[in-house]
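Hello,

Here is the structure I promised to pass on to you. My notes on what turned up in it follow below.

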Amino acid sequence: MRLRVEFTTEPFDLDEAPPHAVVARDVIQGADLDAVDVGPFGNTAEGEADGVLTAVDALLRKALAAGATRVSLQVNVLADESGEGDK
């Protein structure tokens, strides 16, 4: 099963990325995921379920430890070649 995760961390700082945002970005970029897109207001990544779930666990733990007061995330199941999922 393939999953897509979308997430943001708060509080925002428009002048420079706060430590919790940098940590979250580093976790996602270092994970065994593909289709990683990191931006100032939202981040997405796709991959096999185990990789995404492992990355989400690390992202939550490390971002909160680095000062995040809120982590918003959404996880979607992606359709496979048979058309199943993401309906």
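A word on terms before the details: a residue is called buried under 20% relative accessible area, exposed over 50%, and partly exposed in between, with a 1.4 Å probe and protein chains only. Please keep in mind that this is a predicted model, where local features need pLDDT of at least 70, side-chain atom pairs count only at pLDDT 80 or more, and totals for chains, interfaces and linings use all residues. Residues are numbered from 1 along each chain as its sequence is written, and side-chain values use heavy atoms, leaving out hydrogens and water.

With that in hand, Leu14 is exposed, at a relative accessible area of 71%. Leu14 sits in the loop between strand 1 and helix 1; helices (H or I, at least four residues) and strands (E, at least two) are DSSP runs, numbered from the N terminus. Together with Phe12 and Phe41, Leu14 makes a nonpolar surface patch of about 390 Å² of accessible area. Such patches join nonpolar side chains (Val, Leu, Ile, Met, Phe, Trp, Tyr) within 5 Å, or like charges within 9 Å, from residues with over 30% relative accessible area and no salt bridge. The areas come from the Shrake-Rupley method with a 1.4 Å probe, and for residues only the protein chains shown count as cover.

Next, helix 1. His20, Ala24, Val27 and Ile28 are its buried residues. They cover an arc of only 95 degrees around the axis, which puts them on the same side of helix 1; the arc is taken from the directions from the helix axis to the C-beta atoms. Those buried residues pack against strand 1 (2–10), strand 2 (34–38), strand 3 (43–48) and helix 2 (49–65), contact meaning heavy atoms within 4.5 Å. On the face turned away from the buried side are the exposed Pro19 and Gly30.

Finally, the charged pairs. A salt bridge here is a side-chain nitrogen of Lys or Arg within 4 Å of a carboxyl oxygen of Asp or Glu. The count by this rule is six salt bridges. One of them joins Asp34 and Arg2, at 2.7 Å from N to O. This links distant parts of the chain, with Asp34 in strand 2 and Arg2 in strand 1, 32 residues apart. Arg2 also bridges to Glu48, with the closest N and O atoms 3.6 Å apart; here strand 1 is linked to strand 3 across 46 residues. Arg25 and Asp26 form another salt bridge (3.7 Å, N to O).

Best wishes
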